[in-house]
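Reader: Please walk me through this model. I want each label set against its cut-off.

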Amino acid sequence: MKKKIALISLILFACLSFAGCGKSDSPLVGKWSYIHDDVNTVLELKSNGKAVYEGKNFTYVTDDSFITLTDSDGNKEQFRYLMEKDGFLFYKNTRYVNKDNENPSSLVGIWTGKEVDKWSFEFTANGEFKEDGYFPGEYVVDESNGSVKLIYNDHFEDTICYFIIEGNEMTMQYPWKMVKTKK
């Protein structure tokens, strides 16, 4: 009986060890860089379900819209993505705090970066915004999908971001263009 259990355990272990070792046909597998710095890898997704993001090791799963990274402690972070012909848009999660209002009900207000306080968004009630105290424009909120369209005056193309407000904190999912890392 012990031999049967040991043999079954060995077979299950072997199956689980080799499942996922085969080559994945996912277009996300590979080394990825921001388009403005295409020689430094920011995100590597391996066919075996392992990932490296900003120098840290994770496991990952994907679906048609999200990459979910899990660290060694079981903490998960989900990133929205959108495939394009020459790469993909990676919606990086940046956290902001509204120091003026403990329970804001909308984007209106001044939001400062939680990890990097020089980052900020200011949204006015009349549909104008300023990013990082410098990049102005107008914005339109789409409540149905939790997105905001940033219509910059000059510096950047119009950009659709996703946001989540919880208490006085906001997670802004801002798209970054990712391309294959050049060797």
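Reader: What makes E7 and E14 a pair, and in which sense do they run?
Author: The model is predicted; local features need pLDDT of at least 70, side-chain atom pairs count only at pLDDT 80 or more, and totals for chains, interfaces and linings use all residues. Residues are numbered from 1 along each chain as its sequence is written, and side-chain values use heavy atoms, with hydrogens and water left out. Two strands pair if DSSP finds at least two bridges between them. E7 and E14 have 10 bridges, so they pair, in the antiparallel sense. Strands (E, at least two residues) and helices (H or I, at least four) are DSSP runs, numbered from the N terminus. Within this pairing, lysine 92 stands opposite tyrosine 174 in E14.

Reader: Which other strands are joined to E14?
Author: E1 is joined to E14 by 3 bridges, antiparallel. Tyrosine 34 stands opposite methionine 178 there. Strand E13 (residues 159–166) is joined to E14 by 5 bridges, also antiparallel. Phenylalanine 163 has methionine 172 as its bridge partner in E14. The hairpin of E13 and E14 has 2 residues between the strands, and glycine 167 takes a positive phi near 65°.

Reader: How do you know that strand E14 is mostly covered?
Author: Count its buried residues. Buried means under 20% relative accessible area, exposed over 50%, partly exposed in between (1.4 Å probe, protein chains only). In E14 (residues 169–180), 9 of the 12 residues are buried.

Reader: Why is serine 120 called buried?
Author: Its relative accessibility is 15%, under the 20% limit, so serine 120 counts as buried. Serine 120 lies in strand E9 (residues 120–123). Leaving aside neighbours within four places in sequence, its contacts (heavy atoms within 4.5 Å) include Tyr96, Trp111 and Lys130.

Reader: Why is E5 described as largely enclosed?
Author: 5 of its 5 residues are buried, so the rest of the structure largely encloses E5. Both faces are covered. Phe66, Thr68 and Thr70 lie on one side, Ile67 and Leu69 on the other.

Reader: Which strands pair with E5, and over how many bridges?
Author: E4 pairs with E5 over 4 bridges, antiparallel. Threonine 59 has threonine 70 in E5 as its bridge partner. E4 and E5 form a hairpin with 3 residues between them. E6 is joined to E5 by 5 bridges, again antiparallel. Threonine 68 has glutamine 78 in E6 as its bridge partner. The hairpin of E5 and E6 has 5 residues between the strands, and glycine 74 takes a positive phi near 90°.

Reader: What makes a set of residues a nonpolar core, and how many residues has the largest?
Author: The set must be buried Ala, Val, Leu, Ile, Met, Phe, Trp, Tyr and Cys residues joined through side-chain atoms within 4.5 Å. The largest such core has 18 residues. Those with the most contacts inside it include Leu43, Ile67, Phe88 and Met178. Among the elements that give it two or more residues are strand E2 (43–45) and strand E5 (66–70). Apart from it lies another core, of 16 residues, among them Leu107 and Phe121.
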